[in-house]
Amino acid sequence: MADKWKSTRAIMTRASTTEVAIISLPSIMMRDPPSLCVSRQKMNVVKENASSDQEEDEEVTVGTHRNFHDRILGRYSDFLYSFRWPVLLVSVSTIIACSFVSSTFKPPEKEPFPALFPMANPYEAHSKFVESLIAFPLQLATDPTWTVKAVFGVQAIDDQNLLDTDPNYIGGSIAYDDDFDAANNQLYLLEFCDKIDKPTEDYSCVLQEFDSWLQLQSQSSSPDDQYAINCDWETSIPIETDTFDQCFIAFSELTNSSAVTFDYEAKKVKSITIDTRVDSTLWSPTAEIDKDWRRIEDWSIAERSRAPEGANNFFVTSMGFWYLDTFNNIVASALKASYIVVSCAALVILLSSRSLTLSLFSGSDFIMHFAHAYSMIPGKANKRLRMKHAILHMGPSVLGSAATTLSTNFIMQFCQIASAKRFATMMIMTMVHSLIGSFVIFSVLCSCFGPAEPTKRFDAIKTRIQKGKGAREHSEKDFPRSIEIAIDATDFTFAPVLLGVVVIVGGGGRDNNGFVSASYYILFPITAAAVVVG
């Protein structure tokens with residue numbers, strides 16, 4: 001509070017104490033207006049001091065700064081205004097160059113998974129040693145967790161309730177494909193095993209193992225009881241359709257196969273999985289995984305079109321493909337979230353500053369504070385004075401907020417876990433770019449194109465609306481106009497409620513695009529109305 005008073009006093013050197021309080025402490029004026037009530041005639045002095053007879057390029061009198069940061073920020077504001085056009089040119093050129101360079105960035109190809117610990121860490125050294133072994137690719141190919149699987153009899157859907165907060169909830173259930181008929185497609189399933197790439201040289205799919213088992217049992221002098229009871233002495237695939245399900249189930253139980261699921265009471269085979277392979281692994285770059293997924297998907301679409309009825313709904317899946325889908329969704333969600341953040345920031349700036357021009361300069365949280373401070377001076381004031389007031393009024397608070405964030409993340413740079421260090425680096429760069437965006441980009445834009453009366457149109461339209469509703473005219477005994485503006489600003493406290501409705505409506509659906517759709521259909525009409533109003 002003291003800093004705001006001193007900053008406002010440094011700019012409004014010819015204003016009285018009461019007039020300075022109106023600008024620097026509007027919240028107190030709203031809580032206890034009679035104690036600081038002044039007439040409109042006194043406020044006219046404030047407006048005249050602000051800009052009535054001053055030219056924009058004329059030196060703005062700031063008085064004697066009592067704080068060190070006031071002197072530094074005051075000189076910085078004068079310097080920025082003097083060189084505003086060159087700084088604007090450099091800023092725009094830098095943004096264009098950085099945008100072009102960032103568009104050429106590609107994911108890393110040699111190390112798609114960054115090391116979790118430094119290489120000096122024994123755990124990380126052991127992990128790299130294991131990955132360099134010849135047996136490591138073979139382990140990935142044979143481990144059921146990482147293999148690529150062709151799945152018959154299961155629908156490729158996810159019925160898990162992501163919003164269920166019950167700690168005992170274990171997730172969704174398997175949705176079986178009722179059209180899958182293994183008994184009438186024995187030969188196709190057996191041939192399918194030869195069409196796909198085998199994960200290893202000696203791999204045999206469950207249908208091939210079943211066929212070999214039938215041949216062996218039919219030639220044996222002492223066959224298994226399961227074969228004699230359930231298989232009706234069949235010799236090989238294909239076997240009678242009435243016998244296939246119970247015989248195949250008996251074989252699966254005998255071999256304890258995890259590639260088959262069945263309904264024991266109905267004697268019905270529900271699903272069959274067949275292992276295959278691709279060139280990429282979970283450790284491969286996302287570009288390679290995406291290439292393999294597209295190749296497999298194109299082949300699956302063509303194969304499903306040729307497959308007979310009852311076996312034409314299979315799909316191919318793997319842990320690597322799930323990772324790719326998760327990665328793509330994270331990237332897409334990050335982009336959508338950035339659009340929503342920018343839209344919400346523009347909306348908040350519009351509601352706080354009541355200026356469409358300032359809302360077009362939306363960006364970080366720091367810019368919101370600068371935009372609000374820019375529009376705090378009532379009446380008409382040149383953009384140089386308004387921007388200097390914003391820098392002196394909010395500069396210390398913004399710098400203090402950035403300093404605390406930078407200091408805490410600087411300590412995290414000494415963490416052993418690489419993800420924590422990268423998070424700290426990201427936060428540091430975020431703060432640096434926020435400071436540049438507020439103290440340089442936003443400040444120079446306001447110095448070049450900032451409105452002298454940012455709330456003029458908004459207040460004029462609001463006055464017409466109030467007159468249309470029969471609102472009475474203010475008399476000389478009413479509060480000054482700056483007080484009326486401060487009190488009117490509380491009318492827009494519905495913004496958090498609006499954003500809460502967006503979150504509830506958007507998050508109510510299982511589709512993650514619900515939030516984006518709700519935000520679009522709610523924020524877009526408001527933004528369009530703001531364009532008309534502003």
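**Helices that meet**

Guide: Happy to, and keep in mind that this is a predicted model. Let's start where V206, L207, E209, F210, W213 and L214 of α10 touch F244, C247, F248, F251 and L254 of α12. Sorted by class, that contact of α10 with α12 has 10 nonpolar, no polar and 1 charged residues.

Visitor: Why are α10 and α12 called roughly perpendicular?

Guide: Their axes are 11 Å apart and pack at an angle of about 100°. Angles of 65 to 115 degrees count as roughly perpendicular, and therefore α10 and α12 get that name.

Visitor: How do you know that the span of α10 agrees with what it should be?

Guide: Helix α10 covers residues 206-219, which makes 14 residues.

Visitor: Which residues of α10 are buried?

Guide: Those are V206, L207, Q208, F210, D211, W213, L214 and Q217. They pack against α9 (186-195), α11 (225-230), α12 (241-255), β2 (260-263) and β3 (268-276). As background, an α-helix has 3.6 residues a turn, so residues three or four places apart point the same way.

Visitor: Which residues make the contact between α6 and α18?

Guide: From α6 come R84, W85, V87, L88, S91 and I95, while α18 brings V440, I441, V444, L445, S447, C448 and F449. By class, that gives 10 nonpolar, 2 polar and 1 charged residues.

Visitor: Let's finish with a single residue. Why is T317 called buried?

Guide: T317 has a relative accessible area of 14%. Buried means under 20%, so T317 qualifies.

Visitor: Where does T317 lie, and which residues does it touch?

Guide: T317 lies in strand β4, residues 315-317. Leaving aside residues up to four places away in sequence, T317 touches T147, V148, K149, V151 and W322. T317 and A156 are 161 residues apart in sequence, and their C-alpha atoms are 9.4 Å apart in space.

Methods. Residues are numbered from 1 along each chain as its sequence is written. This is a predicted model: local features need pLDDT of at least 70, side-chain atom pairs count only at pLDDT 80 or more; totals for chains, interfaces and linings use all residues. Side-chain values use heavy atoms; hydrogens and water are left out. Contact means heavy atoms within 4.5 Å. Helices (H or I, at least four residues) and strands (E, at least two) are DSSP runs, numbered from the N terminus. Ala, Val, Leu, Ile, Met, Phe, Trp, Tyr, Cys and Pro count as nonpolar, Asp, Glu, Lys and Arg as charged, and the others, Gly among them, as polar. The expected span of a helix is 1.5 Å times one less than its number of residues. Buried means under 20% relative accessible area, exposed over 50%, partly exposed in between (1.4 Å probe, protein chains only). Axes are lines fitted to C-alpha atoms, for helices over the stretch in contact, and angles run from 0 to 180 degrees between N-to-C directions. Angles under 35 degrees count as roughly parallel, over 145 as roughly antiparallel, 65 to 115 as roughly perpendicular and the rest as oblique.
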